[in-house]
Amino acid sequence: MHIHGKTNSSMVRIAGGSVDRRDERRGARWQVDIAPFLLGAFPVTLGLYRSLTGVETNSANSSATPITNVSWLDAIEFCNLLSTKSGLEPVYTRSPEREEVNWDRTANGFRLPSEAEWQYACKAGTSGYRYGQIDDIAWYEENSGGHVHDVGTKTPNSWGLYDMLGNVWEWCWDLYDEEVYGSYRIFRGGGWAESERGCGATVRRRSHPTFAIDDLGFRLARNASGAS
């Protein structure tokens, strides 16, 4: 498993299962079945993002830090670019005139995890708010020194996933609440500037798909079927 190497070697196979979900606004609770899938062991790094896109950011951060200041739409475009360069089927199609994006769920390329997949993978079979002691597993407001850190420098969860909590928030595929917030998308996990309470497996945030900030990145997923 490599932090800076080929993306495929940093994907963890996640077995299927189920996860409990809730919607506080509607007072609803339900269970989601999760099919087996692959998830990046680390958030996408600045180095990987630069190497594929050729985009030079103004960041002075190490190439091993998570890419930040990327919107949901940027993340979608990166997934398709990586899929094409890897000889895989792009997952997303986007209307040039609008922010509407469609997900081909049969495609074998890279994608964002669904919110349910993200939560299921973060908890890694545990039942608590976090999968370990926060200072062992996460960079957050009280220990980050006010900046992002290289990926993989904290203890992973029991499924071998690093930085699921803290360091950077991570975009997920899902709309937050289309009836109230329209096109707003979800991000999860907490970041280096977040309080201890904000770094938990069930914490949900949302913003416009064009929103980008210095503690928000993303992690790659793939369907397990058809993946080598």
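I note that the model is predicted.

Next I looked at H1 itself. I listed its buried residues: Leu46, Leu48, Tyr49 and Leu52. I then looked down the axis of H1 and found these buried residues within an arc of 165°, so they line one face of the helix. I checked what they pack against, and the partners are H2 and S10.

I turned to the largest nonpolar core, which has 33 residues. I noted the members that touch the most other members: Val44, Trp72, Phe78, Tyr92, Leu112, Phe218 and Leu220. I looked up which elements supply at least two residues each, and these include H1 (46-53), H2 (72-85) and S10 (216-218), along with strands S6 (101-103) and S7 (169-175). H2 gives the most, with 7 residues. I also found another core lying apart from this one, with 29 residues, among them Val12, Ile134, Ile186 and Ala221.

Last, I took the chain as a whole. I counted 5 helices and 11 strands. I found 52% of the 228 residues buried. For contacts with a separation of 6 or more, I found that 65% join residues 24 or more positions apart. The C-alpha trace spans about 40 × 40 × 35 Å along its principal axes.

Methods. Residues are numbered from 1 along each chain as its sequence is written. This is a predicted model: local features need pLDDT of at least 70, side-chain atom pairs count only at pLDDT 80 or more; totals for chains, interfaces and linings use all residues. Side-chain values use heavy atoms; hydrogens and water are left out. A nonpolar core is a set of buried Ala, Val, Leu, Ile, Met, Phe, Trp, Tyr and Cys residues joined through side-chain atoms within 4.5 Å. Buried means under 20% relative accessible area, exposed over 50%, partly exposed in between (1.4 Å probe, protein chains only). Helices (H or I, at least four residues) and strands (E, at least two) are DSSP runs, numbered from the N terminus. The arc is that of the directions from the helix axis to the C-beta atoms. Contact means heavy atoms within 4.5 Å.
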